[in-house]
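Open the structure in your viewer and keep the sequence panel beside it. The tour below says what to select at each stop and what is found there.

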Amino acid sequence: MRYEAPETLDAAVALLAGESGLAKVLAGGTDLLVQLRSGMIEPALVVDIKRIAETRRIQEESGGFRIGAAVSGAEMGEHAGLKAAWPGVVEAVELIGSTQVQGRATAAGNLCNASPAADSVPALVAAGATARIVGPGGSRELPVEAVAAGPGRTSLGRGEIVASLFLPARGAGQGDAYLRFIPRTEMDIAVVGAGVCLTLDGDGRCTRARVALGAVGPRVILAEAAAAALVGTTLDEAALDALAEAASAAATPIDDKRGTADFRRRVAGVLARRTAVIARDRAKGAAA
Amino acid sequence: MTVTVTTTINGDAEEFVCEADETLLDVLRDHLGLTGSKEGCATGDCGACSVMLDGRLVCSCLVLAAEAEGRQVETIEGMARGRELHPLQQKFLDAAALQCGICTPGFLVAAKALLERNPDPSETEVRYWLAGNLCRCTGYDKIVRAVLETAADMKSADMKSAGMKSAGMRSA
């Protein structure tokens, strides 16, 4: 195995594109090192992107935030502006692993590891985040929900890497939230995760909503029918019931050691409802 | 592929040669003789290999040794000053906050990082901060209590020395 730590994105792309064997990107390494050590993968090349300046910073851009691909969860949690604008996204990232893992793990890595249960992804999808992909063909922006192709697989081409994530400007009356269900309080993998981002007008009526579900399908699900159940309502009980029903219907879970498909379908509805209530309260706080 | 790495460990310049796929933990233990950091799980779950990397608490089993180039690494070996134990180390002994001791270096490094950030943590904050450090002997109560008592001791020591300073200023 070769280890390279280039200082520019161009150099990283050239290294990855030029490798004929398996080439992996190293950001926080909390997934990659485990895969490497267990023999699950045997890369010919590992490209550490942490020496590239633009992957290491959080920058304000167009009223929103651009988060470099090597920014750790702890660094996101310490960024007051980011946390104030996108509390749901930051909370979702902070749920990943322990303090030690938070010191290294990145949201972009969580996305590219492409686990259906990745905690940050439903929150990012609900927030309408995009990923900047750089590769031999140049740079492009991709909606976050289009990055994972299936469990452990991404839609990225050869030599392409996620350089940063972009969270748009938080609108007036907008709030986001993420909740996951695990059978304990910490250090576990989501049985179900739900991210909600919604906008309320001055009368408390929902004008826009995005609902994303994790761990209930091979990829994170953008549940459009669930979001539609909220738009035009004041998130009254009837609307929340309709949201829960639509979220359960959108879920396509499997039975595994962490939960049965039936249980997960039910929890998807319950969690979507609870998450929407938090997002609503935050949106009201934002409107005030 | 071998990599030559120049780094700083516990304040001392260090140079080592490692394989590209060796972890920082492997190098600390097997090349540099710093065997205080332990390998429990090798998957980042148990925290026995906790070290500080550029001021961040990390699992050294999830860091490639090559990544340490130009970085500052602090291990359990740097915690005591000569024969003088860090207050956390002394408290862990006094309070018997350990049994077999395998998890102890990781707990100490992690707890020190917590108290540097938050000198007056609540019990809940201690428990969440240390959730990535697993102990299979004692249960966690003695460990959590030892951290809380150390924080209280360090705080009252600080207040005492601040009081002495201001008293000194008054008399001057």
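**First stop: a strand pair in chain A**

Select residues 130-135 and 161-167 of chain A: these are strands β6 and β10, which run antiparallel and are joined by five bridges. Helices (H or I, at least four residues) and strands (E, at least two) are DSSP runs numbered from the N terminus, and two strands pair if DSSP finds at least two bridges between them. Within this pair, A:I133 stands opposite A:V162 of β10(A).

Before going on, note what kind of model this is. It is predicted, so local features need pLDDT of at least 70 and side-chain atom pairs count only at pLDDT 80 or more, while totals for chains, interfaces and linings use all residues. Residues are numbered from 1 along each chain as its sequence is written, and chains are lettered from A and ligands numbered from 1 in the order in which they are written.

**The sheet around the pair**

Now show the whole open sheet of chain A, five strands in the order β4-β5-β10-β6-β7 with antiparallel pairing. At its edges stand β4 (58-61) and β7 (138-143) of chain A; each has a single partner strand, so one side of each is left without a neighbour in the sheet. Neighbouring strands are turned by 25 degrees against each other on average, direction ignored.

Two residues are in contact if their C-beta atoms, placed from the backbone, lie within 7 Å. Axes are lines fitted to C-alpha atoms, for helices over the stretch in contact, and angles run from 0 to 180 degrees between N-to-C directions.

**A loop residue**

Select A:I182, in the loop between β11 (174-181) and β12 (192-200) of chain A. Is A:I182 buried, partly exposed or exposed? It is partly exposed, because 19 other C-beta atoms lie within 10 Å; the cut-offs are 20 or more for buried and 12 or fewer for exposed, with partly exposed in between and C-beta atoms placed from the backbone. Leaving aside neighbours within four places in sequence, A:I182 is in contact with A:D188, A:A190 and A:V191.

**The core**

Next, select A:V196, A:L213, A:A223, A:A247 and A:A272, which touch the most other members of the largest nonpolar core, a set of 151 residues. Such a core consists of buried Ala, Val, Leu, Ile, Met, Phe, Trp, Tyr and Cys residues joined through C-beta atoms within 7 Å. Helix α3 (residues 104-117) of chain B gives the largest share of this core, eight residues. Apart from neighbours within four places in sequence, the contacts of A:A223 include A:V211, A:L213 and A:A247.

Zoom out to chain A as a whole. It has 11 helices and 14 strands, and 57% of its 288 residues are buried. Its C-alpha trace spans about 60 × 45 × 35 Å along the principal axes.

**Where the chains touch**

Last, show both chains: the contact takes 24 residues from chain B and 20 residues from chain A. On the chain B side, β4 (56-59) and α4 (123-129) each supply at least two residues, and β4(B) gives the most, with four.

B:L53 has B:R56 as its bridge partner in β4(B). Two residues lie between the strands of this hairpin, and B:D54 takes a positive phi near 50 degrees there.
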